[in-house]
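Please work through the exercises below with the structure at hand, trying each task before reading the solution that follows it.

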Amino acid sequence: MDTTNIIAALRGFPVPTLAEAAPAACDLSPDIRPLVPNTPMVGTAFTVRCPPGDNTAVTRAVGEAQAGDVIVIDTGGGSRTAVWGDTASTACQIKGVVGCVTNGRARDIDEISALGFPVYAIGLSLRGSTKGQRGETNVPIAIGDVLIHPGDFVCGGPDGVLVIPRDQAEAVLAKATKERGEELTRAQRLKDGVRLSEILATSGNK
């Protein structure tokens, strides 16, 4: 499957279902949450590594990223400043970048919410970032225990963010199809009056 078809297929599943089908340690920290409700996203990772407190590389990434990308930012441990805001969100939305994920903070939440642009971060901060340290773009990064390569698939929803290695995407989709079928079967059995304990005893306790 090509990238377009993989993205379309991933959009057809809840992120928790994909997480059940993905390899271990693909889910980002639950501290990284959607700042704007009802803004799911699926795209390819455009990675950024910033020195703590500086977002020069983020500005460069906004210019370099392509339609269908998700900008994924490792802030280098700086958690006090905002590395993302409404100007970056507007620029990305215009060019078709589909979201931002960071282990840092954002600001201008009212403006970002009005745009409906997906931003997943650990929270908000009024304090802006410094400029002048180059940082890196489109290189492998790590957010927590999750290694992220440029071009990996990034899926975000109300429960959090999942990163699927590019070379494992088709296998994840195959497993997710099976997993989703089992989820729907369990739901139907509950509606039919089968006890939850009986269902879990025959379905791997999921």
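Predicted model: local features only at pLDDT ≥ 70, side-chain atom pairs only at ≥ 80, totals over all residues.

**Exercise 1.** Decide for Cys26, Cys155 and Ser197 whether each counts as buried or exposed.

Solution. The step needs two cut-offs, since buried means under 20% relative accessible area and exposed means over 50%. Cys26 has 5% relative accessibility, so this residue counts as buried, and Cys155, at 0%, counts as buried too. Ser197, by contrast, reaches 55% relative accessibility and therefore counts as exposed. To place Ser197 in the chain, look at helix 7, which covers residues 196-201 and contains it; its C-alpha atom is separated by 19 Å from that of Gly181, a residue 16 positions away along the chain.

**Exercise 2.** Work out the order in which three strands form an open sheet, and which of them are the edge strands.

Solution. The strands follow the order 4-6-8, with parallel pairing, in an open sheet. Strand 4 (82-84) and strand 8 (123-124) are the edges, as each pairs on one side only. Strand 6, made of residues 105-106, joins strand 8 in the parallel sense over two bridges, and within this region Ala106 has Leu124 of strand 8 as its bridge partner.

Key:
Residues numbered from 1 in each chain as written. Heavy atoms only, no water. Buried < 20%, exposed > 50% of the residue type's maximum accessible area, 1.4 Å probe, protein only. Helix = DSSP H or I, 4+ residues; strand = E, 2+ residues; numbered from the N terminus. Pairing = 2+ DSSP bridges.
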